[in-house]
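Please keep the sequence and the coordinates at hand while reading.

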Amino acid sequence: MKKITLAALLAVVMPAQAAIQSLQFAGQVESGYYNGTSYQGQFSFDDAGLLASGTELINLSSLNFNFGGSLFNLATPALADATAVFQDGVFTGLEWSVDSSSPAIGFSLIAGYADNSDAFFAYDTALGLSGTGSLAYAANVPEPTQSGLILAGLGLIGLIAARRQA
């Protein structure tokens, strides 16, 4: 009975897959007017509905992007919704484009094909100056609530183990 109770508690406290995923990205412009300029950002999305089959687009729940001293987010007028792109369950990158008419520089975050190693950044200014840059994604950044649940689960396991020894 204790083993069944422990298994049930672990299933509730520590789900097999966290639905909210948070990642960071960064890169550097490698050509054009902004050559050498670095950029970085972070985003999150809910992957609970991911089927891991074919190409899947998941709308982002948050996005913050810093480029050229300007901050951009999901409220920035964009050509389409910002999405996390998956191919057969593998994250290939972000798809997000901001038009150059507002602000004076437009840019796109472009997902890779089979994975995120060939994802890249492209920009175009209102004056017609353009270029591209690298784009790298960092490991997941744990959500505070996710970390709390993991710690609570570990504490519960410790309490049960201590009671069994007593």
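Of the contacts in the protein chain with a separation of 6 or more, 49% are accounted for by residues 24 or more positions apart. The structure discussed here is a predicted model, and the values below are computed from that model.

**Overall make-up**

- The protein chain has two helices and ten strands, and along the sequence these elements follow the pattern α-β-β-β-β-β-β-β-β-β-β-α.
- Of the 166 residues in the protein chain, 30% are buried.
- The accessible surface of the protein chain comes to about 9,600 Å², and carbon and sulfur atoms hold 58% of that surface.

- Strand 5, which covers residues 83-87, pairs with strand 6, residues 90-98, in the antiparallel sense, and five bridges connect the two.
- Within this pairing, F86 has F91 in strand 6 as its bridge partner.
- Strand 5 and strand 6 form a hairpin in which two residues lie between the strands, and the turn includes D88, whose phi is positive at about 50°.
- Strand 6 also pairs with strand 7 in the antiparallel sense, in this case over three bridges, and V98 stands opposite F107 in strand 7.
- As a general point on strands, side chains alternate between the two faces of the sheet when the strand is regular.

**An aromatic pair**

- The count of aromatic pairs comes to 27.
- F72 and F107 form an aromatic pair, with 4.8 Å from centre to centre and 70° between the planes; the pair counts as edge-to-face because the angle between the planes is over 60 degrees.
- This pair links distant parts of the chain, since F72 belongs to strand 4 (residues 70-73) and F107 to strand 7 (residues 105-110), with 35 residues of separation.
- Are the two partners buried or exposed? F72 counts as buried because its relative accessibility is 6%, which is under the 20% limit, and F107 is likewise buried, with a relative accessible area of 2%.

**Positive phi in two loops**

- Most residues other than glycine have a negative phi, and the two residues described next are given against that background.
- A52, found in the loop between strand 2 and strand 3 (55-67), has a phi near 60°, a positive value in a residue other than glycine.
- At 43% relative accessibility, A52 counts as partly exposed, because this value falls between the limits of 20% and 50%.
- D88, in the loop between strand 5 and strand 6, has a phi near 50°, which is again positive in a residue other than glycine.
- With a relative accessible area of 47%, D88 is partly exposed.

**Contacts across the sequence**

- Which residues does A114 touch, once its neighbours within four places in sequence are left aside? A114 is in contact with V90 and T92.
- A114 is found in the loop between strand 7 and strand 8 (120-125), and at 47% relative accessibility A114 counts as partly exposed.
- A114 and V90 are 24 residues apart in sequence, while their C-alpha atoms are 7.6 Å apart in space.
- T55 has its place in strand 3 and is exposed, with a relative accessible area of 55%, because the limit for that class is over 50%.
- When its neighbours within four places in sequence are left aside, T55 is in contact with V85, F86 and Q87, and F86 is the residue whose bridge partner in strand 6 is F91.
- T55 and G89 are 34 residues apart in sequence, yet the distance between them in space is 8.2 Å, C-alpha to C-alpha.

**A nonpolar surface patch**

- Y33, L127 and L129 make a nonpolar surface patch of about 380 Å².
- Where does Y33 lie relative to the strands? Y33 is found in the loop between strand 1 (20-28) and strand 2 (38-46).
- Y33 is exposed, with a relative accessible area of 58%, and therefore passes the requirement of over 30% that applies to members of a patch.

Note on methods: Residues are numbered from 1 along each chain as its sequence is written. This is a predicted model: local features need pLDDT of at least 70, side-chain atom pairs count only at pLDDT 80 or more; totals for chains, interfaces and linings use all residues. Side-chain values use heavy atoms; hydrogens and water are left out. Patches are made of residues with over 30% relative accessible area and no salt bridge: like charges are joined within 9 Å, nonpolar side chains (Val, Leu, Ile, Met, Phe, Trp, Tyr) within 5 Å. Accessible areas come from the Shrake-Rupley method with a 1.4 Å probe; for residues, only the protein chains shown count as cover. A salt bridge is a side-chain nitrogen of Lys or Arg within 4 Å of a carboxyl oxygen of Asp or Glu. Helices (H or I, at least four residues) and strands (E, at least two) are DSSP runs, numbered from the N terminus. Buried means under 20% relative accessible area, exposed over 50%, partly exposed in between (1.4 Å probe, protein chains only). Rings of Phe, Tyr and Trp (its six-membered ring) pair if their centres lie within 6.5 Å; planes under 30 degrees apart count as stacked, over 60 as edge-to-face and the rest as tilted. Two strands pair if DSSP finds at least two bridges between them. Contact means heavy atoms within 4.5 Å.
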